[in-house]
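Please take a moment to look over the sequence and the model shown here, and keep both at hand while reading.

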Amino acid sequence: MCFYCPSSTSLHGSAHGPWSARRAFVLSAATAAATPALAQVDVGQASALRKLVPAETLETAATQQYSQMLEQARAKRALAPEDHPQLQRLRAIGRRLVPFTAPWNPRARGWRWEINLIGSPQINAFCMPGGKIAFYTGILEKLQLTDDEAAMVMGHEMAHALREHARERLVKTQATNLGLRLGAQLLGLGDLGNAAANLGGQLLTLQFSRSDESDADLVGLELAARAGYQPQASVKLWQKMGQATGGKSGLAFLSTHPSGPQRIRELEENVPKVQKLYAAAQRPS
């Protein structure tokens, strides 16, 4: 599939010449914001299965794959330059969300968070293990996302990484093929470790369960509310997603993030739980 650049703002760079190489974008999870005392949404404990795959191994594989993806986008002149307004907008949202991530996963304090924008008509976004985030221009333009709605998308994707859903999925999808046995953990899980290190494109195509999606919806909702984004935007976002499908499920984002009335109802039930967090974020410090 060929990439494209929006007609309003080219991803190729300014009229004065090609854009320079991307500078590292690093968000520090250790800055700003105090740790929330208690989660307001109820998502239960993260699956213990994820511990069967070393987090470091999966995060390293994700970093390598993310770098390759950026190189491919750059080669096609589809990677947004540093001064692209939409990229700056996404990074500003990220700076507000990241300080609230560590309570959900202490490893997030050491993640080198990155946010990039890729020119593509796909309605898609993701966050890989270790905090590597990408948005496609299609999701911003076709859904005409407000900042609040974009924050809900970003919070949702961050939540998948924070709850380590990819680690859990890897175990569940590979265990049968690898003949996982009770003693495998004592033997170092070499087979699963190798699988994690050689995931390749699988990290972008892992199918999360409905439970994973519910987790991500609610954790993302709380992250965004604590960062000062309107909770009701979560409902509006998924209403837009549903309208975008036109009754079909062919959109890339919706192939792994199914929309539907049940999802919207669950968000509506949880919006009041985080409303006080949003209100507190609006008060002057």
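**The strands and their surroundings**

Strand β2, which spans residues 125-128, is covered on both of its faces, since Ala125 and Cys127 on one side and Phe126 and Met128 on the other are all buried; here buried means under 20% relative accessible area, with exposed set at over 50% and partly exposed in between, for a 1.4 Å probe and protein chains only. The model is a predicted one, in which local features need pLDDT of at least 70 and side-chain atom pairs count only at pLDDT 80 or more, while totals for chains, interfaces and linings use all residues. Residues are numbered from 1 along each chain as its sequence is written, and side-chain values use heavy atoms, with hydrogens and water left out.

The protein chain holds 11 helices and three strands, these being DSSP runs numbered from the N terminus, with helices (H or I) of at least four residues and strands (E) of at least two. Along the sequence, the elements of the protein chain follow the pattern α-α-β-β-β-α-α-α-α-α-α-α-α-α. Of the 285 residues in the protein chain, 52% count as buried.

With which strand does β2 pair in the antiparallel sense? The partner of β2 is strand β3, residues 132-136, and the two are joined over four bridges, where pairing requires that DSSP finds at least two bridges between two strands. Within this pairing Met128 stands opposite Lys132 in β3. The hairpin of β2 and β3 has three residues between the strands, and in it Gly130 takes a positive phi near 95 degrees.

Strand β3 also pairs with β1, in the parallel sense and over five bridges.

**Rings and charges**

A pair of aromatic rings is described by the distance of the centres and the angle of the planes. A search of the whole structure finds two aromatic pairs, a pair being rings of Phe, Tyr or Trp (its six-membered ring) with centres within 6.5 Å, and planes under 30 degrees apart counting as stacked, over 60 as edge-to-face and the rest as tilted. The rings of Phe126 and Tyr136 have centres 6.3 Å apart and planes at 75 degrees, so this pair is edge-to-face. The pair links distant parts of the chain, with Phe126 in strand β2 and Tyr136 in strand β3, 10 residues apart, and both Phe126 and Tyr136 are buried.

Elsewhere, Arg96 lies over the face of Tyr229, at 3.9 Å from the ring centre, a charge being taken to sit over a ring if NZ of Lys or CZ of Arg is within 6 Å of the ring centre and within 35 degrees of the ring normal. The charged end of Arg263 sits over the ring of Trp238, 3.9 Å from its centre.

**Empty space**

Rolling a probe the size of a water molecule over the atoms shows where empty space is left. On a 1 Å grid over the protein atoms alone, a cavity is a set of points where a 1.4 Å probe fits but cannot get out, and lining residues have an atom within 4 Å of a point. A search of the whole structure finds two cavities of 30 Å³ or more, where a volume is the space filled by probe spheres set on grid points joined across faces, edges and corners.

The largest cavity has a volume of about 70 Å³, and its lining includes Trp111, Gly130 and His160. Two or more residues of this lining come from each of α1 (55-75), α4 (147-162) and α5 (165-178). The second largest cavity holds about 50 Å³ of space, and Met152, Asp217 and Trp238 are among the residues that line it. For the second largest cavity, α4, α8 (210-226) and α9 (233-245) each supply at least two lining residues.

Key:
1 Å grid on protein atoms, 1.4 Å probe; cavity = no way out; pocket = protein on both sides within 12 Å on 5 of 7 lines; lining within 4 Å.
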